[in-house]
Amino acid sequence: MASDKVWTVEDAGVLLKRMGVYGAEDSLAGEEIGDGNLNYVFRLSGKESGRSVIIKKAVPFLRVVGDSWPLTEERASIEAQALEFQARVAPEHVPALYAYSPDDHAIVMEDLSRLKVMRGVLNEGRQFPKFAGHVAHFLAQTLFWSSDRSGHIEDKKRRAAEMTNPELCRITEALIFTDPFYNAQTNRIEGYLGEAVEALWRDSHVLERVFFLKDRFMTAGQALVHGDLHTGSIMVGAEETRVIDPEFAFYGPMGFDIGLLLANLFLNMLGHAARKTSKAHIEYLRRTAQTVWVQFAGEFAALWRETSYDGIFHTSEIERTYLRGVLRDARGYAGCEMIRRTIGLAQVSDLTLIEPEGSRRNAQEAALGAGRDLIKGYETNEDIDSVLAVVDRWMTDIERW
Ligand code: SR1
Ligand code: MG
C-alpha cells in the first residue's frame, strides 16, 4: 500500500472483516473520529451484529506533518502491548483491546462513545469528582507493577527491551525537551509572546534543568509510562475514567506521566482564570491535581509495603525519598509540558481558544512563567503544596491583569 494512501471508512470496514472482527454478511457503517496527530481512527458499527468498535490504523508517517516526517508503523504494536499490560493491572481504566493485527498495524478496541474527551469537557467547565481517584489508581497500578519495586524484575527487563519505542520518544525529546527552548521551525509563537520567549531562551539556569530532565527521560527506565498522559488522552464520565492512546509508552521516569497530567490540569486552570469563568471550577482543578498526587503516592506506597520485594531496603525514609524524587521529576516535566503546549508544535485548546486576544495572552504568559518556575525549583521540591504554590502565584497574577 502506498505510504500516502488516504484511509477511508470503507477501507476500515474491509480491514475489520479481514481481521475477523465482523462477519462477511454484516453491513458496516461509521465515521472517522481521529483528531490526533499520528493515526487514522474510525468508529464502525455492524447492522446485523449491532456491535460497534474503534479501529486505529498507524500509517508510515506523522499524520499531522505528512510524508516529510516518516515514522514506522511499529507504534501500533507498542500501543497493543501497553494496552494489554494496563488491562492486567487496571482493567476498569483502559479500553478493552478486541484485536490487533501486526501485519496491518491496526488495533481494534472498545467503543467508548458513552464518555467524553476530558480536555473538551474541562474547557466547558464540567467537573468529574471521581476522576482524581480513578486516575491516581491507574497511575499507581501501572507504574508500580511495571517497576522494579514490584519484584517482577525479569518481566520488566524483557518488556522494557521489547518496548523501547525510539521513534515516538524522539518526537517527545524534540517537541517537549528541545524545540520550545530555542528558535526551532516547529514552534508556533504568537508575536506578543516574543519578549517572554526570548527571555526564556536566554535563561541558562532553565536550559540546564531542561537538559537534565531530558537526560532522565532518555535514561531512567523506572516503569512502563503511558508517555502522553494529557487530558486529550483521557475519556471521562460521571462514574468512569478510561485512559486511551498509549502509543508513546516506554520504560521511562514515573514522574513523566504524573507531570504531564498535572500540567494539563494547570493549563486548564489558567485558561479559566484568564476567561474569568468560574472560581469553583478552578478550585476543583486545584483539588484534583492535589488528590491525584496524594492518592497515587498513598496507593503506590501501600503496594510497595505489601509486596516487600525490597526487604531491608524498604524503610520509611527510603520510601519518602523515593516518592519525593518521583514528585520532583513530575514538577520538572509539568514545567516543560506547560511551555511546549504554549509555544510548541502541539498546542492545546485550553489556551488557543481563549478570546479576546488580551485574555489569551494573559493565560499564555502565565503558562510560560509557571512552566519556567516549575522547572527552576524542581530538584528541591518537597511536596505537592510547593508545586501548587507555583501555579497559585501565576493565578494571582492573571486575576490582577
Ligand atoms: C506531532 S505529534 C505531537 C504530539 O501529539 C501527541 O499526542 C504527543 O503529545 C505529541 O507530542
Ligand atoms: Mg494521542
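A nonpolar core is a set of buried Ala, Val, Leu, Ile, Met, Phe, Trp, Tyr and Cys residues joined through C-beta atoms within 7 Å. Buried means that 20 or more other C-beta atoms, placed from the backbone, lie within 10 Å of a residue's own. This is a predicted model: local features need pLDDT of at least 70, side-chain atom pairs count only at pLDDT 80 or more, and totals for chains, interfaces and linings use all residues. Residues are numbered from 1 along each chain as its sequence is written, and ligands from 1 in the order in which they are written.

**View 1. The largest nonpolar core has 116 residues.** Phe266 and Leu270 touch the most other members. Helix α9 (residues 254-275; helices are DSSP runs of H or I, at least four residues) gives the most, with 14 residues. Domain 1 (9-110) and domain 2 (116-400) each supply at least three residues; the bounds come from an automatic or database domain assignment.

**View 2. Ligand 1 lies between two domains.** Its shell holds residues with a C-beta atom, placed from the backbone, within 6 Å. Among them are Asn37, Thr172 and Asp228. Helix α6 (residues 166-175) gives the most, with three residues. Both domain 1 (9-110) and domain 2 (116-400) contribute, so the ligand lies between them.

**View 3. Three strands form an open antiparallel sheet.** The order is β8-β10-β11. Strands are DSSP runs of E, at least two residues, and a pair needs at least two DSSP bridges. β8 (116-117) and β11 (241-243) stand at the edges, so one side of each has no neighbour in the sheet. Three bridges join β10 (residues 234-236) to β11. Met235 has Arg242 as its bridge partner in β11.

Methods
A residue is buried if 20 or more other C-beta atoms lie within 10 Å of its own, exposed if 12 or fewer, and partly exposed in between; C-beta atoms are placed from the backbone.
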